Structures are given as structure tokens and as C-alpha cells.
Amino acid sequence: TRYLLFGDDEIVFLSDGIKSAISYLESNPKCDLVLAQAVDTKGVLRKIYPKKEVKLTKFNSAKAATYEMIVRVESVRNKGVAFDENFGAGVENYLGDEYIFITDLLKKGGKATFLPLTIAIHPEESSGSRWGTESDLRARAMVFQRVFGVTAPLIRTAFYFKNFQKFAGTKNLYKFIFGKF
């Protein structure tokens, strides 16, 4: 197939949004990936999304969900980008596979764009809903390690303080910043 959209049996895709995203890809042949938005079953956006088109970077794509992504198959394959099987549903590091995929694509010269198009309906519950548990913090720490390498402790520190309330204080500060679980 020319384009790949990710989903499972709990996703409802919205054809108008998908058509608009594909039209964008057709008009922008150097774009390898479009990240769009989704709503929950009540029609509410699942997270805070940008209001306009945004070029994706490793600093603004961490909240990506698989069902929000449409990829240009041939260019992604040609760049040798694939999902890291150590991250995602069904493994200990159960989140971050999308973020790693996007950053790997960018590292290999790929282009990715967020478009404020709604392409899917997804139930409210998701793997990102376990925020703050020790397994969640460990998985998030490993994602940052995979994306940022030796600078990961600095990025994790900034992330920790940006999301201080979600971390429920300082009890997990050392473990998260240094990835020591």
C-alpha cells in the first residue's frame, strides 16, 4: 500500500479526515508521516493538540498515538525505519513506540508533520492512562533513554519538573531522572 494507517478493533476511523491527510501527503511528497488528532467516544479531543500545522521534532512528538499516524510506506521503508519491538503494547516498556518511530524517522532525514485533522475515534482508556505508576515511570524513563541517549537524564529532569503534579511529589525523582528502578 502507498500509505499506512494504524488501528485495531476499538478504533473508528473518520474518512473525511483521512482523505484530507492523504491529500496533504499527495501535495507534499517529501512528507513521510502525518500525525493527526483523535476524539473519544463522546467527540471530545483526546488531548490538547496544536491548532495549526506543525513540523514534528523530537521535542513535540512524544504524545503521538499510533492511530493518529499515517505513514508513506515506501519512503519509511527506504529509510530503514521500523517500530522498536522493545517498546509498545505487550512488552514491559508498554508506551513510547510511536514517539521512537517518529524520532527514528527524523534522525534518518525523514519529514513529519502534525495536521489538525480528526481521523479517528478512540475510547478514553489507553496505555497512556497508567500515568505515575512505577511501571509507567520506568517505561517513560526508558523511552527518553532510547530517544536522547547520554543526554536523557537532562531531558528527564526537565520533563519531571514540567509534569511535577503528575509525579506526586519527589519520591520518584531520583529513579526517574537516572533511570534506576
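The expected span of a helix is 1.5 Å times one less than its number of residues. Helices (H or I, at least four residues) and strands (E, at least two) are DSSP runs, numbered from the N terminus. The model is predicted, so to speak of local features takes pLDDT of at least 70 and side-chain atom pairs count only at pLDDT 80 or more, while totals for chains, interfaces and linings use all residues. Residues are numbered from 1 along each chain as its sequence is written, and side-chain values use heavy atoms, with hydrogens and water left out.

Helix α1 takes up residues 15-27, and at 1.5 Å a residue its 13 residues should span 18 Å; the end C-alpha atoms are 18 Å apart, which agrees. Gly-17, Ile-18, Ala-21, Tyr-24 and Leu-25 of α1 are buried, buried being under 20% relative accessible area, exposed over 50%, and partly exposed in between (1.4 Å probe, protein chains only). As a rule, an α-helix has 3.6 residues a turn, so residues three or four places apart point the same way. Over on the other side of α1 sit the exposed residues Asp-16, Lys-19 and Ser-27. What the buried residues of α1 pack against is a set of strands: β1 (3-5), β2 (12-13), β3, β5 (69-72) and β6 (112-121).

Two residues give a closer look at this part of the model. Tyr-24 belongs to helix α1 and counts as buried at 15% relative accessibility. Setting aside residues up to four places away in sequence, Tyr-24 touches Cys-31, Val-34, Glu-53, Thr-113 and Leu-115, where contact means heavy atoms within 4.5 Å. Tyr-24 and Ala-36 are 12 residues apart in sequence, and their C-alpha atoms are 11 Å apart. Val-34, for its part, is found in strand β3 (residues 33-39) and is buried, at 0% relative accessibility. Beyond its neighbours within four places in sequence, Val-34 is in contact with Ala-21, Tyr-24, Leu-25, Glu-68, Met-69, Ile-70, Thr-113 and Leu-115.

Next come α3 and α4. The axes of helix α3 (residues 97-107) and α4 come within 10 Å and cross at roughly 5 degrees. That makes α3 roughly parallel to α4, a label for angles under 35 degrees, with those over 145 roughly antiparallel, 65 to 115 roughly perpendicular and the rest oblique. Axes here are lines fitted to C-alpha atoms, for helices over the stretch in contact, and angles run from 0 to 180 degrees between N-to-C directions. On the α3 side, Tyr-99, Ile-100, Thr-103, Asp-104 and Lys-107 meet Val-143, Arg-146, Val-147 and Phe-148 of α4.

Helix α5 (residues 152-162) has Ala-152, Arg-156, Phe-159 and Tyr-160 buried. Seen down the axis of α5, the buried residues fall within an arc of 100 degrees, so they line one face of the helix. Leu-154 and Lys-162 are exposed on the face of α5 turned away from that buried side. The cover over the buried residues of α5 includes α4 (134-148) and α6 (173-178). In the loop between α5 and α6 lies Asn-172, which is buried with a relative accessible area of 6%. Asn-172 touches Leu-137 and Tyr-160, not counting residues up to four places away in sequence.

Terms used: Arc of directions from axis to C-beta.
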